[in-house]
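The sequence and structure are shown first.

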Amino acid sequence: MMESLHELFGFVCGQNPDRTWWLAGVPLPFCQRCTGLYTGAATAFILHLVLRPILTNRFLKVHGAFLVFMAPFGFHWVTHGPMIRTITGVLFAFGLVAFLRLPLLAQAPVAGPATQANTRFYMGLALLLILLPIGIQGGGGFMAFVFCFAGLLGFCYLLFLCVANIFAWSAAAWRRLSPMRRVTNDGQA
Amino acid sequence: MKTAARNSTLALIGLAGLTIYILACTSFSPDDSKVTYPAFDENGQVGIAVYDRSERNTQMLYLPATFAADGTNASGPELLRAQFLPDGRHIAVFSFGSPEDSGTSVRIAVLPWATRTATRIFEIPELSDSSAAALISPVIVGHRAFLMGSNQVLRLDLLTGRLHRHHLTEPGPELSLYPSPRGNTVFFIQEAQNDQPVRFGTMDPESFKQTTLMTITNDVMEGSFFTYNNTGSQVALVVKADEERRLVVLEKGIPRFTRTLDRGEGKLTFGSAVLSPKSDFILASFQRTPAGATNASFGLMEIPLSTEPIRETLLITSAPSGDEMESFYFQPALSHDGKTAAVASTYLALGLENLKAEDCALFLVDLSDRKRKVTRVPIPMPKERNRISF
């Protein structure tokens with residue numbers, strides 16, 4: 001199964017062995033940053049599903065900052081170590097999930113204060129950032145399995161979000177074009 | 001509608017960010033972060049070390065020693081050439097034996113790097129001319145190495161050990177195999193014989209089918225380099241004409257670009273050269289001995305394929321020299337992004353008795369720096385070292 005995961009993630013990750021976490025003597029199928037990305041995406045999926053945070057403007061601004069925060073580390077403008085790579089991946093994933101979910105939701109961002117759900121959401125993120133290094137340092141076969149499972153879940157969720165967005169944009173474009181075609185066909189509005 | 005447009009815009013930003021992330025992640029490979037080079041151990045044996053550019057440390061990785069049947073000391077240093085395989089998880093080290101040894105065998109060690117797999121060692125006898133092969137970078141396509149045997153081409157799978165011998169049916173002089181810059185095909189040169197000119201072409205790594213790209217009739221200067229682009233459509237070499245040393249770039253055998261390198265004063269020989277990834281300049285190692293002098297300089301020459309001035313970066317000055325062929329043992333490598341050149345003077349230290357200790361080093365030249373900053377990674381020279389004669 002690990003080989004299949006290595007092959008799958010080989011399409012989206014450089015899998016640099018020097019920058020990959022090794023658990024139970026085996027490298028994870030994704031690099032340190034992608035470990036954060038995909039486990040972060042999986043965690044964000046669960047937190048959004050269970051807690052249903054309100055998408056306030058502040059919420060979106062914070063998650064936008066998570067996306068931007070990746071730039072200096074992803075482009076190596078700032079020297080950093082392995083754990084920072086993973087953490088930036090987590091934050092980036094949370095930003096991605098928040099933004100990619102937007103077109104698929106009925107609600108619009110509100111300007112109100114953060115609710116209890118939002119607070120719990122951020123606590124969930126903080127808990128992940130605390131538990132992640134512990135899990136990595138602890139190592140072991142069980143943790144390797146957890147990371148692989150979470151990584152696969154996160155990958156599938158991100159893929160779903162991307163495909164859903166492309167589909168939604170295509171549908172919106174089709175709807176916009178359709179009235180124009182009806183006018184063209186029968187000459188009447 | 002406004003909300004929908006804003007949501008779509010934010011989602012688009014997210015999608016773009018993810019796309020950039022994935023593209024960047026797959027290009028951050030270890031290729032340019034590590035440099036393999038020959039180095040001494042404390043006993044004077046030559047081995048292969050790996051220099052980590054980001055960590056700025058060196059690790060000795062491979063140290064072969066062959067003892068004679070009736071001796072207690074290891075025999076002469078072997079010529080070693082090492083290269084990361086494209087997967088970044090293995091290093092292939094080719095040992096061609098001592099230059100004094102006219103043997104025709106090669107030993108190939110495949111060492112795991114940052115992975116736990118077996119070390120494989122292959123010994124292949126009866127190659128056509130292993131000493132000549134030692135002066136060329138190993139020919140590796142994917143994880144398969146290509147070697148010339150006696151009237152046959154050998155293809156060795158470095159990860160499985162499977163060996164395939166392809167017997168050459170076409171008559172003529174033997175071929176010399178050359179690597180492609182991107183490691184996706186095999187080039188060959190067939191020497192001139194009788195009325196047939198030098199033939200340069202590609203060899204399909206699967207079928208071994210040879211395709212002639214061009215014939216070379218130029219009178220190549222002794223000590224010239226020979227380099228080419230990834231498709232083999234461009235070939236560059238040095239000729240001597242009217243006392244001038246001239247670079248000639250051929251396309252399909254026809255000179256498309258020439259420029260004068262110097263006026264032919266003193267001695268100038270080249271080790272090897274590489275064409276930049278954008279084919280806009282040639283990086284060559286050189287050895288220059290001024291007329292009437294006994295000391296030579298070694299360095300790197302950047303030759304733009306335009307009218308831009310040639311740039312020389314001297315790395316070793318006033319080295320005691322006696323033989324122009326020493327430049328063959330001073331061969332550079334260029335990083336995949338074309339921004340860093342690397343060359344080690346280990347074998348010069350073996351051949352030049354009075355080479356200064358500070359001149360025995362791995363030199364890393366930052367080609368993106370206006371002043372061409374040189375990082376010198378010392379290779380400690382042992383007091384006693386087995387010598388080789390060039």
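The crossing of helices α2(A) and α5(A) is right-handed, that is, the near helix is turned clockwise from the far one by less than a right angle. The model is predicted: local features need pLDDT of at least 70, side-chain atom pairs count only at pLDDT 80 or more, and totals for chains, interfaces and linings use all residues. Residues are numbered from 1 along each chain as written, chains are lettered from A and ligands numbered from 1 in the order written, and side-chain values use heavy atoms, without hydrogens and water.

Helix α2 (residues 32–51) and helix α5 (residues 116–138) of chain A have axes that come within 10 Å and cross at roughly 155°. The two helices are therefore roughly antiparallel (over 145 degrees). In their contact (heavy atoms within 4.5 Å), residues of α2(A) including T39(A), H48(A) and L51(A) meet residues of α5(A), among them R120(A) and L132(A). The contact residues comprise seven nonpolar, five polar and one charged.

Helix α4 (residues 82–101) of chain A contains R101(A). Beyond neighbours within four places in sequence, R101(A) is in contact with H48(A), Y157(A) and L161(A). The C-alpha atoms of R101(A) and L158(A), 57 residues apart along the chain, are separated by 9.9 Å.

| Residue | Relative accessible area |
|---|---|
| R101(A) | 15% |
| C13(A) | 2% |
| C148(A) | 5% |

Terms used. Axes are lines fitted to C-alpha atoms, for helices over the stretch in contact, and angles run from 0 to 180 degrees between N-to-C directions. Helices (H or I, at least four residues) and strands (E, at least two) are DSSP runs, numbered from the N terminus. Angles under 35 degrees count as roughly parallel, over 145 as roughly antiparallel, 65 to 115 as roughly perpendicular and the rest as oblique. Ala, Val, Leu, Ile, Met, Phe, Trp, Tyr, Cys and Pro count as nonpolar, Asp, Glu, Lys and Arg as charged, and the others, Gly among them, as polar. Buried means under 20% relative accessible area, exposed over 50%, partly exposed in between (1.4 Å probe, protein chains only).
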